[in-house]
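Subject: Structure handover

Hello,

Here is the structure we talked about. Please open it first, then read my notes below.

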Amino acid sequence: MASPKRFIAGAVCPRCAEMDKIMMFTTDDGEQVRECVACGFTDAMSDTEQPANPELETRVNKRKNEDDHTVKQVVFFKSSADDGE
C-alpha cells in the first residue's frame, strides 16, 4: 500500500537547491520516492538497494554534534575595583 506524501523538513533538492520542497512517499512496489515540487525532480530507491547514505540530507542531520556534554567549571575573578575601597 502506498504511503501518503509528506514533506521532509530541511531537505534540499539536488537539482534546484530549493529547501523544504522535497516530498517523500512509498509506492505500492515498496520503492521510496522523493519528489521536488519546485522543479519536478524525482528519485526512487527500492528496499533491496543498500545506499551509502539512506537518510536524506537535511540541515539537522548534516551538522556534526561535537559537544561531549560534560560539565565545565566556571571561574570568576574579582577585579581590584570590586573590593569596595
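Start with methionine 23. Its relative accessibility is 11%, so methionine 23 counts as buried. This is a predicted model, so please read every value that way. Methionine 23 belongs to strand 2, which covers residues 22-26.

What does methionine 23 contact, once neighbours within four places in sequence are set aside? The list is Lys5, Arg6, Phe7, Val33, Arg34, Glu35 and Val37. Alanine 11 is another residue to look up. It lies 12 residues from methionine 23 in sequence, and the two C-alpha atoms are 9.0 Å apart.

Next, the charged pairs. Side chains of opposite charge can pair when their charged atoms come close. The count here is two salt bridges.

One joins glutamate 35 and lysine 5, at 4.0 Å from N to O. This pair links distant parts of the chain, 30 residues apart. Glutamate 35 sits in strand 3 (residues 32-36), while lysine 5 is in the segment before strand 1 (6-7). Glutamate 35 has 22% relative accessibility, so it is partly exposed. Lysine 5 is partly exposed too, at 49%.

The other salt bridge is between arginine 34 and aspartate 43. Their closest N and O atoms are 2.9 Å apart. Arginine 34 is partly exposed, with 22% relative accessibility. Aspartate 43 is also partly exposed, with a relative accessible area of 31%.

Best wishes

Technical notes:
Residues numbered from 1 in each chain as written. Predicted model: local features only at pLDDT ≥ 70, side-chain atom pairs only at ≥ 80, totals over all residues. Heavy atoms only, no water. Salt bridge = Lys/Arg side-chain N within 4 Å of Asp/Glu carboxyl O. Helix = DSSP H or I, 4+ residues; strand = E, 2+ residues; numbered from the N terminus. Buried < 20%, exposed > 50% of the residue type's maximum accessible area, 1.4 Å probe, protein only. Contact = heavy atoms within 4.5 Å.
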